[in-house]
Amino acid sequence: MYWDVVEVKPEPGYSLWVRFQDGLSGRVQLRQENLTGILARLRDPGFFDQAFVDYGAVAWPGGVDFAPDAMYEDIASQ
């Protein structure tokens, strides 16, 4: 799909720079207060920096991932 992530770069302050299959790119700012439950592991900067692309989604070890369509909409609306 056009919203498949093809590149991700973790940045300081819970930010992700992402590039999508259709060329759209930008930053997604995560809010620390939203990192709860399984996402609480992302509060550890060392773990956060392990972000990678897995089948078009931003993912981390252990099955933590984000839906690319929501990130796409966030960046497209900026």
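In this predicted model, strands S1 and S2, the latter spanning residues 15-20, pair in the antiparallel sense over six bridges, where strands (E, at least two residues) and helices (H or I, at least four) are DSSP runs numbered from the N terminus, and two strands count as paired if DSSP finds at least two bridges between them. Within this pairing, Val5 has Phe20 of S2 as its bridge partner. Residues are numbered from 1 along each chain as its sequence is written. Because the model is predicted, local features need pLDDT of at least 70 and side-chain atom pairs count only at pLDDT 80 or more, whereas totals for chains, interfaces and linings use all residues.

S1 and S2 belong to an open sheet of three strands, ordered S1-S2-S3 and paired antiparallel. Its edge strands, each pairing on one side only, are S1 (5-11) and S3 (25-29), and the twist from one strand to the next averages 25°. Helix H2 (residues 68-76) packs on this sheet, touching S1, S2 and S3, with contact meaning heavy atoms within 4.5 Å. The direction of H2 makes about 105° with that of S3; axes are lines fitted to C-alpha atoms, for helices over the stretch in contact, and angles run from 0 to 180 degrees between N-to-C directions.

Another open sheet of three strands has the order S4-S5-S6, again with antiparallel pairing. Here S4 (52-54) and S6 (64-66) are the edge strands, each pairing on one side only, and neighbouring strands are turned by 40° against each other on average, direction ignored. Strand S5 (residues 57-60) pairs with S6 in the antiparallel sense over three bridges, and Ala59 stands opposite Asp65 in S6.

Terms used. Side-chain values use heavy atoms; hydrogens and water are left out.
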